[in-house]
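Student: I would like to work through this protein with you, going from its overall make-up to individual residues. Could we begin once the sequence and the structure are in view?

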Amino acid sequence: MLKANIGSPLALAILVALAGCSKQQPAAPATAPAAPAGAEQSSQPHPVPTMAPAAEVDLAGIAKADGGKTVAEVFAEKDQLGGQTVVVRGKVVKTNANIMGKNWLHVRDGSGAEGANDLTVTTAAELPQVGDTVVVTGPVTLNKDFGMGYAYDVIVEDAEVTIEQPGS
């Protein structure tokens, strides 16, 4: 009796949905692999996921959270912060809803150089809108690899996310 293997299609669907959340991009194959004998060939190969640019959000005037860290400090102090809870205030520049049972957001506060200025956060909380100012509280995870090129040197997982009202 044959058993259907749903793990691979499910993993592929999740990774396609995550396209753009990772800082790393898988390299495009030089040539398409040969199709097995008897398999149909598509005229278009499956596209390689690309990183969608973060929205242009005004990051001026974002104050560091009381007792918290800036995005740049989280990256600079990552080795000491691994497994520790951090508090970061920033603006949401990108969101992805309900991927692997979590909401995903990218937070920036204007600190840090390219590669250390965008903090990826997962949460079960309500998904904020791009441009919202948020306070993120959660544990820092280091070297998280979801496979297929979706790896994060630093990620804050299962965070509490508080959306701040303007003027608060």
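Tutor: Two strands count as paired if DSSP finds at least two bridges between them, and with that rule we can turn to this model, which is a predicted one.

Student: In what order do the elements of the protein run from the N terminus on?

Tutor: The protein has three helices and five strands. Read from the N terminus on, these elements follow the order α-α-α-β-β-β-β-β.

Student: What do the five strands form, and in what order do they run there?

Tutor: The pairing among the strands is mixed, and one parallel case is that of strand S3 (residues 119–123) with S5, joined by three bridges. The five strands make up a closed barrel, whose order is S1-S2-S3-S5-S4. From one strand to the next, the twist averages 50°.

Student: How many bridges join S4 to S5, and which residue of S5 is the bridge partner of Val135?

Tutor: S4 and strand S5 (residues 151–164) run antiparallel and are joined by ten bridges. Along this pairing Thr137 stands opposite Glu160 of S5, while the bridge partner of Val135 in S5 is Thr162.

Student: Which residue takes a positive phi in the hairpin of S4 and S5?

Tutor: The hairpin of S4 and S5 has five residues between the strands. In this hairpin a positive phi, near 90°, is taken by Gly147.

Student: Turning to the aromatic rings, how do the planes of Trp104 and Tyr152 lie, stacked, tilted or edge-to-face?

Tutor: The count of aromatic pairs in the model comes to three. In the pair of Trp104 and Tyr152 the ring centres are 6.2 Å apart and the planes stand at 40°. Planes under 30 degrees apart would count as stacked and planes over 60 as edge-to-face, so with 40° the pair is tilted.

Student: How many residues apart in sequence are the parts that this pair ties together, and is Trp104 buried or exposed?

Tutor: Because Trp104 lies in strand S2 and Tyr152 in strand S5, the pair ties together parts that are 48 residues apart in sequence. Buried means under 20% relative accessible area; Tyr152, at 2%, counts as buried, and Trp104, with a relative accessible area of 1%, is buried.

Student: Which residues do ring pairs link into a cluster?

Tutor: Phe146 and Tyr152 form an edge-to-face pair, 5.9 Å from centre to centre and with 80° between the planes. Phe146 is partly exposed, its relative accessible area being 23%. The cluster that ring pairs link together consists of Trp104, Phe146 and Tyr152.

Conventions: Residues are numbered from 1 along each chain as its sequence is written. This is a predicted model: local features need pLDDT of at least 70, side-chain atom pairs count only at pLDDT 80 or more; totals for chains, interfaces and linings use all residues. Side-chain values use heavy atoms; hydrogens and water are left out. Helices (H or I, at least four residues) and strands (E, at least two) are DSSP runs, numbered from the N terminus. Axes are lines fitted to C-alpha atoms, for helices over the stretch in contact, and angles run from 0 to 180 degrees between N-to-C directions. Rings of Phe, Tyr and Trp (its six-membered ring) pair if their centres lie within 6.5 Å; planes under 30 degrees apart count as stacked, over 60 as edge-to-face and the rest as tilted. Buried means under 20% relative accessible area, exposed over 50%, partly exposed in between (1.4 Å probe, protein chains only).
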